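Hi,

Here is the structure I promised to pass on.

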Amino acid sequence: MKVVHVVEAVAGGVHTYFKDLSFFFGDHEINETINTTIIYSGNRKEIDSEKIKEEFSNGVSLIEVSMVRNFSPIKDLKSTLELTAALRRLNPDVIHLHSSKAGVLGRLACFLLLKKKKVFYTPHGYSFLRTDISIWNKKIYWIIEKGFQKLFGGETIACGDTEYEIAKKIGKSSLVRNGINIEYVTKKSAEYKNEVLTIGIAGRITFARNPKLFNAIALKFPDFNFIWIGDGELRPEITAPNIRITGWFLERDHALKELNAIDIYIQTSLWEGLPIAVLEAMAMKKPVVATNIIGNKDVVRHNETGFLFNEIDELSTYFEILKDEKTRKIFGENALERCHNLYDKNKNFKKLIPLYQR
């Protein structure tokens with residue numbers, strides 16, 4: 001069976017997801033029955049195509065097709081035609097599209113093939129849930145998602161529980177949660193003592209991650225240290241003196257080392273699919289404090305593995321509770337157990353196989 005995955009950008013949590021996917025489906029035993037190709041775009045500045053080729057499994061094939069994130073009629077048409085040509089050459093049995101842009105271009109390309117294919121689509125966070133766009137644009141994105149599903153068919157594979165509930169209202173859908181390489185992440189975990197309570201987040205400094213809120217929290221709690229593991233275009237919005245920005249790391253292990261050195265993981269996102277960084281923090285036994293939104297609320301169990309908050313004023317109570325080291329350890333153990341139960345990449349990637357073979 002030939003399976004082709006199409007994604008617009010292999011960056012951030014998506015990079016981790018696809019790297020893990022490449023090694024799972026690139027494994028010799030699975031590769032004997034399922035031949036996997038990943039089509040991706042290298043247009044974003046944080047994507048290094050050579051690095052991707054080095055990091056991903058040799059057991060899968062990689063093809064680069066130019067795609068842009070924002071709507072561009074001419075560029076999108078070129079991308080669709082290039083994608084159609086690549087799919088025609090590969091002649092796959094299954095096409096799995098990831099994220100909104102690839103979902104649109106990929107389904108158009110599948111239509112242009114003039115051959116019926118099994119098509120799956122994972123939103124990794126629906127575009128109409130974004131809070132940086134107008135209500136009108138949200139309605140347009142909803143219409144596109146609903147219309148494309150009805151017009152071109154296929155099945156949605158949601159990456160999280162709430163995304164699944166939304167997907168069921170749009171059309172045929174299944175649930176296969178995001179997962180992480182728990183064994184690899186836990187090996188990078190070790191006892192670490194901070195003199196000052198240290199709270200951190202990992203990822204690109206973008207509107208979606210809400211750096212303004214992160215900065216406001218740091219200003220509200222000047223006695224704590226804060227770390228942003230990563231970098232991004234909205235770095236100037238982070239001005240609090242008790243925040244350290246690490247910048248980008250060339251090696252993932254260096255980022256995990258920084259993640260290991262925090263006491264509490266905080267996720268200030270405005271919207272999510274199912275956040276990989278939160279799962280990695282949980283695997284490192286970090287209690288998580290996160291905004292009460294889709295994605296975050298699917299992962300964090302309130303008052304068990306961390307806390308969900310709606311307003312910044314709630315954090316005084318939650319940070320006071322988590323100042324206690326014993327409490328953090330209890331929450332951390334609960335978090336790791338939840339990862340093992342629901343977010344193990346091998347268990348979850350294995351669930352894709354019967355969907356492809358059905």
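**The second largest pocket**

Helix α14 (residues 325-342) is the top contributor to the lining of the second largest pocket, giving 5 residues. (Helices, H or I and at least four residues, and strands, E and at least two, are DSSP runs numbered from the N terminus.) Before I go on: this is a predicted model, where local features need pLDDT of at least 70 and side-chain atom pairs count only at pLDDT 80 or more, while totals for chains, interfaces and linings use all residues. Residues are numbered from 1 along each chain as its sequence is written, and side-chain values use heavy atoms, with hydrogens and water left out.

Back to that pocket. It is lined by 23 residues, and Glu 191, Tyr 192, Lys 285, Lys 286 and Lys 329 are the ones nearest its centre. The lining splits into 11 charged, 7 nonpolar and 5 polar residues. (Ala, Val, Leu, Ile, Met, Phe, Trp, Tyr, Cys and Pro count as nonpolar, Asp, Glu, Lys and Arg as charged, and the others, Gly among them, as polar.) The space in the second largest pocket comes to about 500 Å³.

For the rules: on a 1 Å grid over the protein atoms alone, a pocket is an open set of points with protein on both sides within 12 Å along at least five of seven lines, a cavity is a set where a 1.4 Å probe fits but cannot get out, and lining residues have an atom within 4 Å of a point. Grid points are joined across faces, edges and corners, and a volume is the space filled by probe spheres set on the points.

**The cavity**

The count is 1 cavity of 30 Å³ or more. The largest cavity holds about 60 Å³ of space, and its lining includes Tyr 17, Cys 159, Arg 177, Asn 348 and Phe 349. That lining divides into 6 nonpolar, 4 polar and 1 charged.

Tyr 265 is worth a look. It sits in strand β11 (residues 264-267) and counts as buried because its relative accessible area is 0%. (Buried means under 20% relative accessible area, exposed over 50%, and partly exposed in between, with a 1.4 Å probe and protein chains only.) Gly 200 is 65 residues from Tyr 265 in sequence, yet their C-alpha atoms are 5.1 Å apart. Beyond four places in sequence, the contacts of Tyr 265 (heavy atoms within 4.5 Å) include Gly 200, Leu 259, Ala 277, Lys 286 and Val 289. The side chains of Tyr 265 and Gln 267 also make a polar contact of 2.9 Å. (A polar contact is a pair of N or O atoms within 3.5 Å; within protein, one must be able to donate a hydrogen and the other to accept it, and residues adjacent in sequence count only if both atoms are side-chain atoms.)

**Two buried polar side chains**

Arg 107, in helix α5 (residues 100-112), counts as buried because its relative accessibility is 4%. A polar atom of its side chain lies 3.0 Å from the backbone oxygen of Gly 103. Arg 107 and Val 119 are 12 residues apart along the chain, with 7.9 Å between their C-alpha atoms. Among the other contacts of Arg 107 are Tyr 121, Glu 145 and Gln 149.

Gln 149 belongs to helix α6 (residues 135-152) and is classed as buried because its relative accessibility is 7%. Apart from Arg 107, Gln 149 is in contact with residues including Glu 155, Ile 170 and Lys 172.

**Loops**

Which residue has a positive phi of about 60° although it is not a glycine? Leu 114 is one, in the loop between α5 and β5 (118-122), and it counts as exposed because its relative accessibility is 74%. Asn 210 also has a positive phi of about 60°, in the loop between β8 (198-202) and α9 (211-220), but Asn 210 counts as buried because its relative accessibility is 15%.

Finally, Thr 246 is in the loop between β10 (243-245) and α10 (252-260), and its side chain reaches the backbone nitrogen of Gly 230 at 3.0 Å.

Cheers
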